[in-house]
Amino acid sequence: MRRNSRARLGVSLLLVAGALGLGAAPSTAADTPAAPSAIPAPSAYTLDAKVDRALGAATAGTYLDAKTGKLVVTVTTDRAEEQARATGATVRRVARSAAQLDAAMETLEAEAKITGTSWGIDPRTNKVAVEADSSVSARDMTRLEAVAERLGGAVAIKRVPGEFRREVLGGGAIYGGGSRCSAAFNVTKGGARYFVTAGHCTNISANWSASSGGSVIGVREGSSFPTNDYGIVRYTDGSSPAGTVDLYNGSTRDITSAANAVVGQAIQKSGSTTKLTSGTVTAVNVTVNYGDGPVYNMVRTTACSAGGDSGGAHFAGSVALGIHSGSSGCSGTAGSAIHQPVTEALSAYGVTVY
């Protein structure tokens, strides 16, 4: 993502990795990223999409097997198992259907919508995985646990350090409205060039620069937050930035396609604060209850991130996966980075990566 032209320094930098995000010193996590699981072959994303079309709600979710690297489809009925096998995927019978897991999340939404919590489906455990950060009081934890207990084992709760926050800081990388964020991916439509970033960033300002107080390089053309967390900025400075992501080691990664992340797969996150960090996808269809509103259908990972990484790139190899939204922070090399699936943003704005 990024570069070229007069805004080369800023944008390039800025979009370089899709994340040029806010400043701050790099974390140790960026120097020693956690060992990830395997990056899926392109065929795995294709198979995952094929399973989704063929089974829809008849599957309780898919994930990559940590040992074999193969896509596993979870099902609860003979008919669904037959359909799944017909796609060529590995099949596993589980106790809870997609409808049951969705019902559990609807109950959490109605009865335990507590700031500082997030929940999503982990098909590996066939449960709704709930995380509660340090801001959740003992009283609210008791309330959360009571709701979970009534759901009969469909929910697993874990305390996480730090607090879930939209990771925007004042100043840096792409600048607008006195704040600094990171850019995710450069995209195109009809010959025009744009970049996508977090919606809570584009909500801040219509005009964006590559340096603090610098000239405008792009103008906001769309923004969605809360509920979603994506926005789009059109380059207005005449630049034609490349479609690469900064690896923060002197090289970049060309992004050639986009897909939805699969639980169990390895991902990398590029942002200007924590630079390049690695992790594994742990849950999909995640709800995150930020202090200024919830976001839905997100993806949770173990990548490290920090303030200023907002809007940065989540990717695997040459495949764009998500736009960094926030996290509860990072402990050592273990984080809880949340991303907005990039495919939703691309579809909303009718743009493509290149």
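This report describes the overall make-up of a predicted model and then some of its local contacts.

## Basis and overall make-up

The model is predicted, with local features needing pLDDT of at least 70 and side-chain atom pairs counting only at pLDDT 80 or more, whereas totals for chains, interfaces and linings use all residues. Residues are numbered from 1 along each chain as its sequence is written, and side-chain values use heavy atoms, with hydrogens and water left out.

The protein holds eight helices and 27 strands, taken as DSSP runs numbered from the N terminus (helices are H or I of at least four residues, strands E of at least two). Of its 354 residues, 56% count as buried, that is, under 20% relative accessible area with a 1.4 Å probe and protein chains only, while exposed is over 50% and partly exposed lies in between. Among contacts (heavy atoms within 4.5 Å) with a separation of 6 or more, 66% join residues 24 or more positions apart.

## Aromatic rings and a charge

Rings of Phe, Tyr and Trp (its six-membered ring) pair if their centres lie within 6.5 Å, and planes under 30 degrees apart count as stacked, over 60 as edge-to-face and the rest as tilted. The count by this rule is three aromatic pairs. One of them is edge-to-face and joins tyrosine 230 to tyrosine 349, with 5.6 Å centre to centre and 90° between the planes. This pair links distant parts of the chain, since tyrosine 230 belongs to strand β15 (residues 230-235) and tyrosine 349 to helix α8 (residues 342-349), 119 residues apart. Both tyrosine 230 and tyrosine 349 are buried.

The charged end of arginine 193 sits over the ring of tyrosine 354, 4.3 Å from its centre; the rule requires NZ of Lys or CZ of Arg within 6 Å of the ring centre and within 35 degrees of the ring normal.

## Contact of helices α3 and α4

In this contact, Leu47, Lys50, Val51, Ala54 and Leu55 of α3 meet Ala80, Gln83, Ala84 and Thr87 of α4. These residues divide into six nonpolar, two polar and one charged, where Ala, Val, Leu, Ile, Met, Phe, Trp, Tyr, Cys and Pro count as nonpolar, Asp, Glu, Lys and Arg as charged, and the others, Gly among them, as polar.

## Surroundings of alanine 320

Alanine 320 lies in strand β23 (residues 319-327) and counts as buried because its relative accessibility is 0%. Not counting residues up to four places away in sequence, alanine 320 touches Phe185, Ile255, Ser257, Ala258, Ala259, His314, Phe315, Val342 and Val353.
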